[in-house]
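Biologist: Hi! Could you walk me through this one, in plain words please?
Modeller: Happy to, let's look at it together.

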Amino acid sequence: MRWKVLISAPYMQPVIDRFRAELEARGVELIVPPVAERMEEADLLPIISDIDGVICGDDRFTARVLEAAPRLKVLSKWGTGIDSLDCEAAARLGIAIRNTPNAFSEPVADSVLGYMLAFARRLPWMDQQMKAGVWDKIPGRALRECTLGVIGVGNVGKVVVKRASSFGIRMLGTDPVTPPDEFLSTYPLTMVSLEELLRESDFVSVNCDLNPTSYHLMNDDTFALMKPGAVLINTARGPIVDEAALVRALQNRHIGGAALDVFEDEPLPVDSPLRQMDTVMLAPHNSNSSPEAWERVHLNTIKNLLDVLETSEL
């Protein structure tokens, strides 16, 4: 075998045997350790020294881990987000980072629309009351009576806008990069400041990348700007939202609810106050769920890995 490759991506591990023969034929020895959600620095340090490539998930590839891996040539990320990888250290050490841009835009956008409909039409709450024997017609709203604010009009944000436009909802967007004129002329999206978006939106969908400028973008100050009764939806990255500030905004009834697929600490701690709130919908970082999207990412992640490894020998 020419290369030792660590498979730490939880979505890839259950299907890796489908690709084992091809990978081994191309000189890859697979190392598949047990992984629950991700590998931390302490998990990686004992096993990284002789690894040539990694198919990783949201594992913590810190500078310390990368410096302990003299043979490492590539981190092939299963999915899109690379915020858990120290990109600066990787560049310094000559380690390539590859991912699959726009991997899950459609299923994530579907999740955003699902949360909007659930809150607007009060579906989970009517279901709970009916099953408890309560016949109570909880008032709902049509989406065209609402305003949606999209924070981050990139790949996912654009699909959210496309999906939401079918409902006739008013839409506001904010992004450091203005979407193309063709997109803005096709869909009824008005680009505004973050402050204006928060003041006017009934639903605020977080769809931006996690980076130093977006860390804790939603905090006490920004929650204070939101409309009373508005709903926050986060299907992007947990640390974009200051969870303690979110809990305060919910407990004070300043905002009307939250739908969260991602969290600052994952899995969500069992003692998190969010678990006890009846105005919060929770999911286990699963808005990317889609058989077609997963298969496309499986194949592209392997391709990215082999492209770098095989090119490194030329």
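**The sheet and its neighbours**

Modeller: This is a predicted model. Let's begin with β1 and β2, which pair in the parallel sense over four bridges.

Biologist: Which residue is the bridge partner of W3 in β2?
Modeller: V28 is the bridge partner of W3 there.

Biologist: And what packs on the sheet, touching β1 and β2?
Modeller: Helix α1 does, and its direction makes about 150° with that of β2. Helix α12, residues 291–312, packs on the sheet too, touching β1, β2, β3, β4 and β5. The direction of α12 makes about 165° with that of β4.

Biologist: In what order do the five strands of the open sheet come?
Modeller: The order is β2-β1-β3-β4-β5, with parallel pairing. β2 (28–31) and β5 (96–98) stand at the edges with a single partner strand each, so one side of each has no neighbour in the sheet. On average, neighbouring strands of this sheet are turned by 20° against each other, ignoring direction.

Biologist: Okay, β3 next. How many bridges join β1 to it?
Modeller: Three bridges join β1 (residues 3–7) to β3, and the two run parallel. For example, L6 has V54 in β3 as its bridge partner. β3 also pairs with β4 (residues 74–77), in the parallel sense and over four bridges. There, I55 has S76 in β4 as its bridge partner.

Biologist: Which way do the residues of β3 point?
Modeller: G53 and I55 point one way, while V54 and C56 point the other way. All of these are buried. In a regular strand, side chains alternate between the two faces of the sheet.

Biologist: Switching topic: where is D17 found?
Modeller: D17 is in helix α1, residues 16–25.

Biologist: Is D17 buried or exposed?
Modeller: D17 counts as exposed, because its relative accessibility is 57% and the cut-off for exposed is over 50%. The side chain of D17 makes a polar contact of 2.9 Å with that of R20. D17 and L30 are 13 residues apart in sequence, and their C-alpha atoms are 9.8 Å apart in space.

Biologist: Last one: what about N207, buried or exposed?
Modeller: N207 counts as buried, because its relative accessibility is 10% and buried means under 20%. N207 is found in the loop between β9 (203–206) and α10 (220–225).

Biologist: What does N207 touch?
Modeller: Leaving out residues up to four places away in sequence, N207 touches several residues, including V112, V150, I151, T235 and A236. A polar contact of 2.7 Å also joins the side chains of N207 and S205.

Conventions
Residues are numbered from 1 along each chain as its sequence is written. This is a predicted model: local features need pLDDT of at least 70, side-chain atom pairs count only at pLDDT 80 or more; totals for chains, interfaces and linings use all residues. Side-chain values use heavy atoms; hydrogens and water are left out. Buried means under 20% relative accessible area, exposed over 50%, partly exposed in between (1.4 Å probe, protein chains only). A polar contact is a pair of N or O atoms within 3.5 Å; within protein, one must be able to donate a hydrogen and the other to accept it, and residues adjacent in sequence count only if both atoms are side-chain atoms. Contact means heavy atoms within 4.5 Å. Two strands pair if DSSP finds at least two bridges between them. Axes are lines fitted to C-alpha atoms, for helices over the stretch in contact, and angles run from 0 to 180 degrees between N-to-C directions.
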